[in-house]
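I opened my notebook to work through this structure step by step. Here is what I looked up, in the order I did it.

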There are 2 protein chains.
Amino acid sequence: MKYTIRHAGPQDCREIMRLIVELSVYEKLEEQVNITHKELEVDGFGENPFFKCLVAEVPEDKRTKEGHTVVGYSMYYFAYSPWKGRSICMEVLYVMPDFRGQGIGKALMCGIAKIGWDNKCTRLQFVVLDWNKPSIDFYKSHGAQNVTEKEGWQEMRIDDNAMEKLAQMAPKI
Amino acid sequence: MKYTIRHAGPQDCREIMRLIVELSVYEKLEEQVNITHKELEVDGFGENPFFKCLVAEVPEDKRTKEGHTVVGYSMYYFAYSPWKGRSICMEVLYVMPDFRGQGIGKALMCGIAKIGWDNKCTRLQFVVLDWNKPSIDFYKSHGAQNVTEKEGWQEMRIDDNAMEKLAQMAPKI
């Protein structure tokens, strides 16, 4: 199938929001989604962007029943390892189920790898849910290692309430 | 003990490099360190910074036997969650063993939380090794959740060789 991979712009935020919700339902964590396309516009395409994004688009004649042509996306940002230096974090990679098996996911991931490579990153990092075996197999077949399994890294998170309490105890910097 | 928490500058990179190596030895992964203080200077304090850093400094009369006054650091950068929005990633938090138990680690973490809060982040995220129980207990006592344990998130990594191969297969974007 013909498709193009391109950099997302602010005009894509409604479509990206639709795909964010779709993926969260697949991941069985939809209750965690707490964002709007307006916030994506400000946070991704404002003066001080917090993320960047690639989208996969099919031609009009291949659009979904609902009329969508944006059928996949990958959100990314730059990260840093004090051991290895520059890193690119692929925060999400998603392709709509009807459009899988045609190389779109791989093309998005290769696009992220290229952006990382061009920016002198030595690592592409991301997280995946342990029960999502199709994705883990896909990533491993492209050279990914599970460093939670291999080295024991655990993903930790402090949510807004606890974070606010810590912030209130911060020293003068 | 008296100490100050301040933003790191390029002049701190030699000291930060020393602490990076020290921590990697504690984490039993020192063979993975492949960076120099010169790279830290470019990557953290060049035109396009990939990370930011806080350092903890003690007064001259409390310096280490070797003469160091920078006794801890925390490297961070901004990240993004498509579900929750802005996030701050505390890539490292380290305090030299002789200076622990005096609130320096907590002050660094609270500093990161405050920077995140001031930038409208709703999440403070980081990784920790599963056998590092003292650190895990410390973080949990300040409201951190282990989302690898709770939700099954696995940390995945594609290293430079595999990344280069993917980059070579990238479509035109």
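**Entry 1: a pair of strands in chain B.** I am working with a predicted model. I began with strand β4 of chain B, residues 85-95, and strand β5 of chain B, residues 123-129. Two bridges join them, and the two strands run parallel. I then looked for the bridge partner of Ile88(B) in β5(B). I found Leu124(B) there.

**Entry 2**

Entry 3: I found another open sheet of seven strands, ordered β1(A)-β2(A)-β3(A)-β4(A)-β5(A)-β7(B)-β6(A). Its pairing is mixed. Its edge strands are β1 (4-7) and β6 (145-146) of chain A. I checked how β6(A) meets strand β7 of chain B, residues 153-159: two bridges join them, and they run antiparallel. Asn146(A) stands opposite Met156(B) in β7(B). I also found helix α4 of chain A, residues 133-140, lying across β4 (85-95), β5 (123-129) and β6 of chain A together with β7 of chain B. This helix runs at about 160° to β5(A).

**Entry 4: a salt bridge inside a helix.** I searched the whole structure and got 22 salt bridges over all chains. One that I looked up joins Lys133(A) to Asp137(A), with the closest N and O atoms 2.8 Å apart. These two residues are four residues apart in helix α4 of chain A, so about one helical turn separates them.

Entry 5: I laid chain B on chain A with a turn of 180° and a shift of 0.0 Å along the axis. The RMSD came out at 0.0 Å. The two copies are therefore related as by a two-fold rotation axis.

**Entry 6: where the chains meet.** How much area do chain B and chain A bury between them? I noted about 8300 Å², 63% of it on carbon and sulfur atoms. In chain B, Tyr80(B), Trp83(B) and Met156(B) lose the most area to chain A, together 12% of what that side buries. The contact takes 84 residues from chain B and 84 residues from chain A. I saw that 100% of the interface residues of chain B are also interface residues in chain A, so the copies meet through the same surface.

**Entry 7: contacts across the interface.** I counted four salt bridges between chain B and chain A. One of them pairs Asp43(B) with Arg86(A), where the closest N and O atoms are 2.8 Å apart. Helix α3 of chain B, residues 104-118, gives the largest share of the side of chain B that touches chain A, with nine residues.

Methods:
Residues are numbered from 1 along each chain as its sequence is written. Chains are lettered from A and ligands numbered from 1 in the order in which they are written. This is a predicted model: local features need pLDDT of at least 70, side-chain atom pairs count only at pLDDT 80 or more; totals for chains, interfaces and linings use all residues. Side-chain values use heavy atoms; hydrogens and water are left out. Two strands pair if DSSP finds at least two bridges between them. Copies are superposed by least squares on the C-alpha atoms of residues with pLDDT of at least 70 in both. Contact means heavy atoms within 4.5 Å. Buried area is the accessible area (1.4 Å probe) that two parts lose on being put together, summed over both. A salt bridge is a side-chain nitrogen of Lys or Arg within 4 Å of a carboxyl oxygen of Asp or Glu. Axes are lines fitted to C-alpha atoms, for helices over the stretch in contact, and angles run from 0 to 180 degrees between N-to-C directions.
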